[in-house]
Each structure stands twice: as C-alpha cells, then as structure tokens.
Amino acid sequence: MGNDKIIEIDHVSFKYDAEWIVQDVDLSIEKGQFLGLVGPNGSGKSTLIKLMLGLVKPDQGNIRLFGQELRHFNQWQEVGFVSQKANSFNSGFPATVLEVVKTGLVSRIGAFRFFNRKHKEKAMKALEIVEMEDYAESSIGELSGGQQQRVFIARALVSDPSLLILDEPTVGVDAKHVANFYDLLAKLNREQDISLLMVTHDIGTITEHATHVACMNKSLHFHGISEEYKGFEEGNLNQLYGHSVQPLTHNHHHEVKHS
Amino acid sequence: MIESFFQYQFLQNAAITGMLIGIVAPLLGVFIVVRRLSLIADALSHITLTGIAASLLLEKKVSAVQDLNPVYMGMVFSVGGAILIEKLRKVYKHYEELAIPIILSGGIGLGVLLISLADGFNTDLFSYLFGSVTAVTRSNMWTVLIITIVVITIVILFYKELFVLSFDEEHASISGVNGKWIHLLFIVMVALVIASAMQVVGILLVSALMTLPVAAALRIAASFKQTIGLSIAFGELSVILGLYTSYHLSVPPGGTIVLTAIIILMMSMLYKKVRNQLYIKGETI
C-alpha cells in the first residue's frame with residue numbers, strides 16, 4: 001500500500017428512505033491518530049460508523065479498511081468496536097465478564113473452533129489493561145455503567161486490534177469516570193499504538209484529548225488537527241448547528257443545546 | 001416403576017424419550033429465553049398440532065396412507081412454521097414479534113378445521129395435547145435420539161456463535177458471524193425438539209419445558225455455562241419426577257412434569273432470597 005491510511009472514506013453518501021443521512025463524506029484516518037468525530041444529534045455520525053463497519057451499505061462512494069475494499073475486508077480482528085448500544089444490553093443476561101470479553105475473539109478464532117485456555121489468558125490480559133481483572137467472574141449485569149464500559153472496551157481489545165472505534169462511549173458514564181476513561185484511551189493510543197476513532201457530542205473534552213477532529217452535519221465541515229478545530233469552532237458553530245444555538249458550559253465539559 | 005420399566009417397552013420408550021427431551025429442550029431454551037423469544041416455542045408447538053391433525057385426517061380419508069405416525073407430519077409442519085416465522089420477521093422488520101401470533105393463530109385455525117374434518121377429538125388427540133406415557137413408539141424414540149445427538153453436536157460446534165448472537169447481534173455481525181444462517185439453523189432445531197417433546201409433555205406444555213428450567217437456573221447461575229448446566233439439570237429432574245408421578249397417579253405426564261418444573265422454579269427463587277439475606281447479614285457482621 002505504501003501509505004498508513006487505516007480508514008479511507010471516499011465520497012460516501014447514504015440515504016434512509018428519501019432522506020440523505022450522510023452526504024459526500026471524504027475522510028481518512030492514519031495510523032496512530034486519535035480522531036474525534038463530532039456533530040449535532042442526527043448529523044449522521046453513528047451512520048458513518050455503521051458504514052465503516054459494513055453494517056449498512058453506502059448508496060454512493062467507497063470505503064477501504066487497511067487498504068482493502070470493505071466488501072472484501074475480512075481482517076475484522078484488526079477492528080475493535082465499542083457500540084453506543086453496549087450500555088443498553090440486556091442487563092439480566094446470565095454471563096460473566098470473562099465470557100463477554102471472550103466473545104471479542106470470535107472473529108479471530110473462526111468457525112468450528114472452540115475457546116481454550118489461551119483465549120482465556122488473552123481475555124484476562126485485556127481485562128488487566130482496563131483494570132477490571134478482579135471482576136472476571138462477576139455477572140456483567142451487576143457492574144456499574146462505567147465498569148461495564150471498561151468490559152466492553154476489553155472485549156474490543158482482546159483481539160489485539162490496531163484500530164478501536166467508539167460510538168458515544170461516555171453516554172451514561174458519570175463525570176468522575178469520564179476523566180479516567182480518557183486517560184485509558186490516551187494509554188491505548190500511546191502505549192499500545194492503537195489508532196482511535198471516537199464519536200462524541202462532547203466537543204469540549206474531545207478537542208483536549210484527540211489528535212484530530214472531524215466535524216460533520218450530514219456532510220463533512222471540518223477535518224484537521226485539534227488545535228485548528230478550536231479556531232474553526234468559534235467562527236462556524238452557529239452555521240453548523242443552526243442559528244438559534246449557543247454553546248453552553250457545564251462543569252468542565254461543553255454541550256450544545258438548542259434553545 | 002423401576003420394575004415395570006424393564007417389563008414394558010412403552011415405559012422404556014417414554015422414559016428414554018423424556019430424558020432426551022429433558023436435555024435438549026432446556027439447552028435450546030436457554031438461548032430462546034435470553035433472546036426474549038419465549039413465545040416462539042408456543043407458536044411452533046401449535047403449528048405442530050396442525051401437522052398432527054393433518055396426519056390424522058389423511059389416515060382417515062386416504063386409504064393409501066396407513067400407519068403414518070402423526071409425529072413426523074408434526075415435525076414437517078413445525079419446521080415449516082419456523083421458516084415462515086423467520087420470513088415474516090423480515091417482512092415486519094419493526095414488529096418482529098408479530099410473526100409469532102400470526103403463526104400461532106394460523107396454526108390453531110387450520111388445526112381446528114382439520115380436526116373437525118377428521119371427525120373431532122379422540123383419545124389420540126388428547127394424548128398429543130397433554131402428553132402420554134403410552135403413545136411413544138420405539139421408532140419415535142430412535143428419531144428423538146438422533147435429533148438429540150444432532151442438536152447437541154450443533155450447539156457445541158456453534159456455541160460461541162450462538163452465544164455472541166444472543167448477547168449482542170451487532171457485535172456478532174462485525175465478528176463475521178453469519179447471523180441469518182445460524183438463526184435459521186437454530187429455529188429449525190427448536191422446531192424439531194418441540195415436535196419431539198410434544199409426545200411426552202404435550203403440545204400445550206411443551207414450551208414450559210423450554211422455559212421453566214431456564215427461569216429457575218437464571219435465579220442461581222452466575223455464568224452462561226452454569227445457566228445451561230443448571231437448566232438441563234432442572235429439566236431432567238422435572239421429566240424424571242414428572243413421569244414417575246404421572247405413571248403412579250395415572251395422569252397425563254405433561255401436567256406432572258410442568259408442575260415439578262414449577263416447584264423447582266419456586267425453590268430456586270426461595271434459595272436466591274435466603275442466600276441474599278444471609279449475604280447481607282454476613283456483610284453487616
């Protein structure tokens with residue numbers, strides 16, 4: 001390939017019924033980057049993630065993962081995904097933390113093969129990274145929201161991915177744990193050399209942590225390094241979020257509210 | 001019963017079939033319950049009745065069809081119903097559960113029509129509704145044994161796929177698990193197990209054997225594997241104790257098996273309550 005592009009989104013559009021949700025988005029992520037993807041509610045951020053993961057197919061354009069066309073891509077162990085829905089799973093589900101983390105290995109193990117001791121050790125290592133190893137035998141439903149979040153990150157990490165995609169991972173996690181959570185992401189990005197793509201509506205916090213920011217509202221409005229984004233934000237936020245919008249500051253993180 | 005067991009073949013047939021069902025019904029039941037599809041078992045058992053009725057009618061009206069065991073026609077209908085449910089779930093993407101009442105009522109409607117055409121209820125039909133210790137033939141027993149072996153093999157082979165699909169369908173899809181095929185395979189297994197179990201517990205109570213042992217296990221188990229183990233243990237206990245009392249009281253086994261399962265369920269709830277209270281006490285001391 002020659003370049004270090006992990007994700008290449010090439011003029012991708014997607015419509016649901018007759019409405020365009022994603023319009024002509026052109027975006028790429030290079031190895032080692034921590035890209036924050038921001039935008040208002042309904043701006044198509046989560047849909048863009050689904051397109052990247054092949055969960056929905058684009059109406060126009062092309063997506064490549066690790067240099068491979070998405071429809072031919074089969075190295076799913078390279079991609080860890082922490083869904084927005086991870087928090088809304090059936091909390092009465094009878095599974096231990098270890099059992100949940102091991103499901104992250106399904107793509108690596110392949111069909112007609114079984115979980116073995118080595119897989120258990122890998123799962124324990126992933127739990128150590130997120131500092132949840134003491135809870136391996138606990139029921140997943142008994143943990144707090146922040147702890148569950150860590151378990152789902154461990155599940156995404158267990159297959160040794162080089163890219164981690166997180167969709168609104170801090171929703172439902174209390175403010176105290178959000179700070180720890182960003183520390184964990186920084187650790188993964190620097191120490192484990194994992195590229196990160198994180199969808200969030202928390203613009204203030206993400207610009208402090210991510211190396212790059214992309215801002216979309218159906219189409220892409222900004223893509224560049226975080227420092228530059230702050231300048232862009234001041235000039236364009238109104239245009240992007242509509243005229244009746246004012247950025248509000250709560251505690252240490254910013255929110256955008258429609259008035 | 002032990003003595004009679006060696007003496008009478010029909011008791012062996014019923015007991016062995018029952019014990020096989022006691023393994024596979026709760027085994028599949030665990031996946032059904034955690035996916036919140038408990039009613040699918042009911043829909044499939046009712047469409048099985050339609051198959052039984054169709055078979056009884058054929059036997060009566062078409063002289064060429066004699067000695068046709070209604071169980072096999074029941075299986076064909078059950079599997080057909082399972083595939084139809086899957087198709088309907090795709091038609092009504094946003095109302096997936098609609099498929100269940102459509103198949104359930106359609107099954108009963110057609111079943112009633114066929115039963116009436118076959119000149120109404122008889123003792124045969126009664127034993128299919130509530131189960132019987134005398135109706136299971138040796139060939140039925142062998143069929144159920146084969147189904148049991150196939151189901152256990154498939155669940156072991158696809159354990160991690162079935163588990164990840166049950167826990168998180170989206171994640172399964174990203175993991176490259178072909179959900180469509182595994183789900184179809186699963187629901188066909190459920191259909192076969194329901195048609196097999198119907199002979200012993202009866203159509204009206206078949207879904208109980210898939211859900212009650214699981215409900216009891218859920219109160220106690222910490223892990224998914226433990227849930228499966230306990231569900232099978234409770235299912236097996238229900239079948240053995242239920243068949244035993246059924247034989248001695250001369251009542252249909254469906255009732256006694258399900259009541260045993262209910263008692264086990266109540267005991268597991270009580271156990272959980274007592275354990276929690278002891279735990280709280282232990283904490284404060």
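**Reading a two-chain model**

Me: In what order do the elements of chain B run from the N terminus on?
Reply: They run α-α-α-α-α-α-α-α-α-α-α-α-α. Bear in mind that this model is predicted. The tally for chain B is 13 helices and 0 strands.

Me: What makes the radius of gyration of chain B agree with a compact globule?
Reply: Set the value against the rule. A compact globule of 285 residues would come near 19 Å. Chain B has 20 Å, so the two agree. Along the principal axes, the C-alpha atoms of chain B fill a box of roughly 75 × 50 × 30 Å.

Me: What share of chain B counts as buried, and what share of its contacts between residues at least 6 apart joins residues at least 24 apart?
Reply: Of the 285 residues, 49% are buried. Of those contacts, 75% join residues at least 24 apart in sequence.

Me: Which residues have the most contacts inside the largest nonpolar core?
Reply: They are Leu28(B), Val190(B), Val193(B) and Leu209(B), in a core of 158 residues. Take Val193(B). With neighbours within four places in sequence left aside, Val193(B) touches Val24(B), Ala25(B), Leu28(B), Ile147(B) and Val151(B).

Me: Now to chain A. Why are β2 and β5 of chain A called edge strands?
Reply: Start with the sheet. Its 4 strands stand in the order β2-β1-β4-β5, the sheet is open, and the pairing is antiparallel. The strands β2 (19-30) and β5 (68-69) of chain A each pair on one side only. That puts both at the edge.

Me: What makes β1 and β4 of chain A a pair?
Reply: Two strands pair if at least two bridges join them. Strand β1 (residues 5-16) and strand β4 (residues 60-65) share 5 bridges, in the antiparallel sense. Strands of a sheet pair through backbone hydrogen bonds.

Me: What makes α1(A) mostly covered, and where does this helix lie?
Reply: Of its 8 residues, 6 are buried. They are Lys45(A), Thr47(A), Leu48(A), Ile49(A), Leu51(A) and Met52(A). Helix α1 (residues 45-52) lies across β1, β2 and β4 of chain A, at about 65 degrees to β2(A). Gly54(A) follows the helix, with a positive phi near 75 degrees.

Me: Why is Glu168(A) called buried?
Reply: The cut-off is 20 or more other C-beta atoms within 10 Å. Glu168(A) has 20 such atoms, so it counts as buried. Its place is in the loop between β7 (163-167) and α6 (175-190) of chain A. Beyond its neighbours within four places in sequence, Glu168(A) is in contact with Gln84(A), Val199(A) and Thr200(A). Its C-alpha atom is 14 Å from that of Gln148(A), 20 residues away along the chain.

Me: How many residues bring the two chains into contact, and which element of chain A gives the most?
Reply: In chain A there are 23, in contact with 21 of chain B. Two elements of chain A give two or more residues each: α2 (97-102) and α3 (106-109). The most comes from α3(A), with 3 residues. By class, this side of chain A has 13 nonpolar, 7 polar and 3 charged residues.

Terms used
Residues numbered from 1 in each chain as written. Chains lettered and ligands numbered in written order. Predicted model: local features only at pLDDT ≥ 70, side-chain atom pairs only at ≥ 80, totals over all residues. Contact = placed C-beta atoms within 7 Å. Axes fitted to C-alpha atoms, helices over the stretch in contact; angles between N-to-C directions. Rg over C-alpha atoms; globule rule 2.2 N^0.38 Å. Buried ≥ 20, exposed ≤ 12 C-beta atoms within 10 Å, placed from the backbone. Nonpolar A, V, L, I, M, F, W, Y, C, P; charged D, E, K, R; others polar. Core = buried A, V, L, I, M, F, W, Y, C linked by C-beta atoms within 7 Å.
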